[in-house]
Amino acid sequence: MRKERIGYLFVAPCIAVILLVLGFPMLYVLGISFTKYRPMISLEWVGLKNYANILKDEVFFTACVNTFVFTIFSVVFHVLLGMAAALLLNRSFRGRRLVRTLYLLPWMLSYIVGAITWRWLLNGSYGILNEILLRMGLIKEYVAWLGTKQTAMLFVILANIWKQFPYVMLMFIAGLQAIPHEQYEAASIDGANALRCFTSVTLPNMKNVIVITSTLDFIWSFKQFDLIQTMTGGGPGISTEVLSTLVYRTFFSDYNFGKASAYAMVLLVIVLVISTFYGRLVFPSSQNDS
């Protein structure tokens with residue numbers, strides 16, 4: 001019992017910092033969400049009115065749909081491309097370290113740098129993508145890819161896939177290297193081809209890595225802000241508006257702190273639900289013991 005108390009003393013400073021840095025702002029936002037608050041103008045208690053208005057807010061539901069579309073497509077292609085690249089780079093060949101480093105470059109860049117790069121590539125006046133397509137005869141004139149509702153979300157998703165899939169690849173490479181080579185040898189002796197080895201040996205051993213990595217990736221993609229805000233700002237119109245950019249715009253453009261706080265709390269609840277699911281996947285034994 002005494003050792004447990006000493007352990008609590010060691011972690012007490014960390015817990016205090018977390019409560020100060022995260023707990024206080026969270027409680028403050030929760031309190032503001034029950035008010036109609038415009039800085040230096042008015043502060044009025046409205047109770048659950050902000051949350052009730054959310055249920056009638058078409059922009060909010062559009063942002064929810066966009067968030068799930070952005071997240072689901074991003075995660076699916078992160079996993080597919082990550083697995084393909086991991087299988088390729090797990091083989092021995094000359095220059096493997098260099099190729100691995102090149103693959104990791106997008107992930108090593110900040111989201112802002114990646115977003116600015118994609119904006120330059122997709123620029124409607126001098127973008128290199130337009131120049132390539134024009135010379136190939138696929139388009140007749142330059143297209144504002146990020147200024148068109150039909151294409152803006154597509155390229156935002158592509159940018160996020162490019163930016164984040166190297167992380168998934170890195171996790172999958174670590175998982176592949178943990179698989180005992182003897183299992184592949186036994187499968188080969190039984191006459192299994194490459195596809196059968198993948199389905200019968202690789203996937204079963206990689207199940208936990210795939211689930212945990214994809215769940216983490218889902219959480220990060222769901223609350224993605226930097227990339228979308230830098231590339232489109234939620235536009236054109238609200239075609240790429242997601243929950244995180246909606247919270248930002250309501251705060252800093254509309255100055256409606258109460259409504260924005262309600263949006264933020266809804267986003268927090270969704271992320272907490274996903275995080276709880278992730279916790280049950282990572283620590284199943286602790287759930288069973290309780």
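**View 1. Helix 3 passes helix 7 in a right-handed crossing.** In this predicted model, the axes of the two helices, helix 3 and helix 7, come within 6 Å and cross at roughly 40°. Helix 3 is therefore oblique to helix 7.

**View 2. Helix 3 spans residues 58-89.** The 32 residues of helix 3 reach 45 Å from the first C-alpha to the last, close to the 46 Å expected at 1.5 Å a residue. At the start of helix 3, Asp57 places a side-chain oxygen within 3.0 Å of the backbone nitrogen of Val59.

**View 3. Helix 3 and helix 9 form a right-handed crossing.** Their axes come within 10 Å and cross at roughly 145°. From helix 3, the contact draws on Thr67, Phe68, Phe70, Thr71, Ile72, Ser74, Val75, His78, Val79, Met83 and Leu87. These residues meet Phe198, Thr202, Met206, Ile210, Ser214, Asp217, Phe218, Ser221 and Phe222 in helix 9. In the contact of helix 3 with helix 9, 12 residues are nonpolar, seven are polar and one is charged.

**View 4. Helix 7 (residues 149-177) packs with helix 9 (residues 194-222).** The angle between helix 7 and helix 9 is about 150°, and their axes lie 10 Å apart. The two helices, helix 7 and helix 9, are therefore roughly antiparallel to each other. Helix 7 passes helix 9 in a right-handed crossing. On the side of helix 7, the contact is made by Asn160, Gln164, Tyr167, Val168, Met171, Phe172, Gly175 and Leu176. Helix 9 contributes Thr202, Met206, Val209, Ile210, Thr213, Leu216, Asp217, Trp220 and Ser221. The residues of the contact of helix 7 with helix 9 comprise 10 nonpolar, six polar and one charged.

**View 5. A cis peptide bond joins Gly235 and Pro236.** Omega for this bond is about -5°. Most peptide bonds are trans. Pro236 is placed in the loop between helix 10 (226-231) and helix 11 (243-252).

**View 6. Tyr255 has a positive phi.** The phi of Tyr255 is about 55°, although Tyr255 is not a glycine. Most residues other than glycine have a negative phi. Tyr255 is found in the loop between helix 11 and helix 12 (257-282).

Notes:
Residues are numbered from 1 along each chain as its sequence is written. This is a predicted model: local features need pLDDT of at least 70, side-chain atom pairs count only at pLDDT 80 or more; totals for chains, interfaces and linings use all residues. Side-chain values use heavy atoms; hydrogens and water are left out. Helices (H or I, at least four residues) and strands (E, at least two) are DSSP runs, numbered from the N terminus. The expected span of a helix is 1.5 Å times one less than its number of residues. A polar contact is a pair of N or O atoms within 3.5 Å; within protein, one must be able to donate a hydrogen and the other to accept it, and residues adjacent in sequence count only if both atoms are side-chain atoms. Axes are lines fitted to C-alpha atoms, for helices over the stretch in contact, and angles run from 0 to 180 degrees between N-to-C directions. Angles under 35 degrees count as roughly parallel, over 145 as roughly antiparallel, 65 to 115 as roughly perpendicular and the rest as oblique. A crossing is left-handed if the near helix is turned anticlockwise from the far one by less than a right angle, and right-handed if clockwise. Contact means heavy atoms within 4.5 Å. Ala, Val, Leu, Ile, Met, Phe, Trp, Tyr, Cys and Pro count as nonpolar, Asp, Glu, Lys and Arg as charged, and the others, Gly among them, as polar.
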